[in-house]
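Follow the strands in order and watch how they pair.

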Amino acid sequence: MGIWIRSQDKKSLLLCESFDVGCDNDNYNILVNYELRNNEEHYSPMGNYSSVEKAVKVLGMIQTEIIKSNNKFISCGNGIGQNLLCVGVQPIFKMPQDEDV
């Protein structure tokens with residue numbers, strides 16, 4: 001089971017299986033792995049951050065939401081986390097803006 005990730009620019013909502021911190025010049029981003037319709041795997045940046053520390057912190061936030069959703073996810077709106085919405089029984093994590101990390 002993956003986790004739904006909504007990009008910072010709100011243009012993408014992807015069911016993601018794995019995550020990496022990448023670096024492009026001095027811009028750090030969260031790269032998410034997802035499967036295309038033809039079963040081909042793809043990596044895409046979903047959030048950009050000004051430091052590696054912020055990117056790693058967001059990665060930790062995603063990890064926390066995955067753990068919470070795997071432990072118990074009975075209903076939406078039960079105070080699991082401010083970045084958590086619900087689609088069936090799978091969470092949606094909204095990538096925070098750089099200034100919010």
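Start with the pairing of strand β2 (residues 13-24) and β3: the two run antiparallel and are joined by eight bridges. Strands pair here if DSSP finds at least two bridges between them. Strands themselves are DSSP runs (E, at least two residues), helices are runs of H or I of at least four residues, and both are numbered from the N terminus. This is a predicted model, in which local features need pLDDT of at least 70, side-chain atom pairs count only at pLDDT 80 or more, and totals for chains, interfaces and linings use all residues. Residues are numbered from 1 along each chain as its sequence is written, and side-chain values use heavy atoms, with hydrogens and water left out.

Tyrosine 34 sits in strand β3, which spans residues 27-35. Tyrosine 34 counts as buried, at 12% relative accessibility. Buried means under 20% relative accessible area, exposed means over 50%, and partly exposed lies in between, with a 1.4 Å probe and protein chains only. Now look across from tyrosine 34. Its C-alpha is 7.6 Å from that of serine 18, a residue 16 places away in sequence. Contact means heavy atoms within 4.5 Å. Leaving aside neighbours within four places in sequence, tyrosine 34 is in contact with Leu14, Leu15, Glu40, Glu41, His42, Tyr43 and Ser44.

Next comes the other partner of β3. Strand β4 (residues 41-49) pairs with β3 in the antiparallel sense, over eight bridges. Asparagine 29 belongs to strand β3. At 8% relative accessibility, asparagine 29 counts as buried. Residues up to four places away in sequence aside, asparagine 29 touches Asp20, Val21, Gly22, Cys23, Asp24, Pro45, Gly47 and Asn48.

Now take the turns. β2 and β3 form a hairpin with two residues between them. Asparagine 25 lies in the loop between these strands. Asparagine 25 has a positive phi of about 60°, although it is not a glycine. Most residues other than glycine have a negative phi. Asparagine 25 is exposed, with a relative accessible area of 68%. The hairpin of β3 and β4 has five residues between its strands, and asparagine 39 in the turn has a positive phi of about 70°. Lysine 10 also has a positive phi, of about 65°, and is not a glycine. Lysine 10 lies in the loop between β1 and β2. At 52% relative accessibility, lysine 10 counts as exposed.

Turn to the interior. A nonpolar core is a set of buried Ala, Val, Leu, Ile, Met, Phe, Trp, Tyr and Cys residues joined through side-chain atoms within 4.5 Å. The largest such core has 16 residues, of which Ile5, Phe19, Ile30, Val32, Val58, Ile62 and Met95 touch the most other members. The elements that give two or more residues to this core are β1 (3-6), β2, β3, β4 and α1 (52-71). In soluble globular proteins, nonpolar side chains tend to be buried together.

Last, the cysteines. How many disulfides does a search of the whole structure find? The search finds zero, a disulfide being a pair of cysteine sulfur atoms within 2.5 Å. Cysteine 16 is buried, at 1% relative accessibility. Cysteine 23 is partly exposed, with a relative accessible area of 49%.
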